[in-house]
Amino acid sequence: MDLALFDLDETLICDDSTSLWLRWLASQGFATNDLIDEEQALMAQYYAGTLSIEEYMNKTLAPLAGMATMTVDGWVRRFIHRDIMPRVFPAARERIQWHQQRGDNVMIISASGEHLVIPIAERLGAYGALAIGVEVVNDRYSGLTYGTMTYKEGKVTRLTDWKALQEDETYNRTWAYSDSMNDLPLLALADHAHVINPDALLHQEALDRGWEVCRWVR
């Protein structure tokens, strides 16, 4: 059995899930337009590879602080139905199905919060998901994170820790799919690395390393 690892944002879907989520919250009156602008400024740092993921998560989780998990779960279901599923690349669906038909386990590994990534992974039929831990205290979101962030080298750390707990599963080879230079550590770990719609820098990196370049369209 092989393990297939998919980044989420701009890899499986043609947008960023957290950015979409904040816009959904704002449309429902649960977040401000100022927060959307601040998040976009932080995303510019993400694309430049200079983002403080702690600052980003603290900022984007602020609207959930004190909210009941059951309430947010309902919001997330509506959000995924309206804003995520229509943005899944058809080629991404096909690739997930290809791996599943081979008998591989498909995992989504994302630098977005687990309150979004886990239910998205479930909707896509993935085996599981690794994402940034979002703290819950007494069934309410605290607005804080916990654990190792699934960002840059943190994705490899979390994956290594997860695999160590899989006592009944042995993986022969690893496949990885991502659009981002931030995922170089994860792509370098894989036996089969695929870059999705890369920018010029990642495209050159893929050529230098002999990785497959995929152009997925909506």
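Helix H1 passes helix H4 in a right-handed crossing, a crossing being right-handed if the near helix is turned clockwise from the far one by less than a right angle, and left-handed if anticlockwise. The model is predicted, so local features need pLDDT of at least 70 and side-chain atom pairs count only at pLDDT 80 or more, while totals for chains, interfaces and linings use all residues. Residues are numbered from 1 along each chain as its sequence is written, and side-chain values use heavy atoms, with hydrogens and water left out.

**Helix packing**

Two packed helices are described by the angle between their axes and the distance between the axes. Helices (H or I, at least four residues) and strands (E, at least two) are DSSP runs numbered from the N terminus; axes are lines fitted to C-alpha atoms, for helices over the stretch in contact, and angles run from 0 to 180 degrees between N-to-C directions.

| Helix pair | Angle | Axis distance |
|---|---|---|
| H1 and H4 | about 110° | 10 Å |
| H1 and H2 | about 170° | 9 Å |
| H2 and H3 | about 165° | 10 Å |

Angles under 35 degrees count as roughly parallel, over 145 as roughly antiparallel, 65 to 115 as roughly perpendicular and the rest as oblique. H1 and H4 are therefore roughly perpendicular to each other. Their contact (heavy atoms within 4.5 Å) brings Ser 17, Leu 20, Trp 21, Trp 24, Leu 25 and Ser 27 of H1 against residues of H4 that include Trp 75, Phe 79 and Arg 82. By class, this contact of H1 with H4 has nine nonpolar, two polar and three charged residues, where Ala, Val, Leu, Ile, Met, Phe, Trp, Tyr, Cys and Pro count as nonpolar, Asp, Glu, Lys and Arg as charged, and the others, Gly among them, as polar.

H1 and H2, by their angle, are therefore roughly antiparallel to each other. Among the residues making that contact are Leu 22 and Arg 23 of H1 and Ile 36, Glu 39 and Met 43 of H2, and its residues divide into five nonpolar, four polar and two charged.

H2 and H3 are likewise roughly antiparallel to each other, and H2 passes H3 in a left-handed crossing. Here Leu 35, Glu 38, Glu 39, Leu 42 and Met 43 of H2 meet Glu 55, Tyr 56, Lys 59 and Thr 60 of H3, a contact with four nonpolar, one polar and four charged residues.

**Cavities and pocket**

On a 1 Å grid over the protein atoms alone, a cavity is a set of points where a 1.4 Å probe fits but cannot get out, whereas a pocket is an open set with protein on both sides within 12 Å along at least five of seven lines; lining residues have an atom within 4 Å of a point. Grid points are joined across faces, edges and corners, and a volume is the space filled by probe spheres set on the points.

The structure holds two cavities of 30 Å³ or more. The largest cavity contains about 170 Å³ of space and is lined by 20 residues, with Asp 9, Asp 16, Tyr 46, Ala 111 and Ser 112 nearest its centre; eight of the lining residues are nonpolar, four polar and eight charged.

The largest pocket has a volume of about 230 Å³. Of its 13 lining residues, Tyr 47, Asp 179, Ser 180, Met 181 and Asp 199 lie nearest its centre, and the largest share of the lining, three residues, comes from H2 (residues 33–48).
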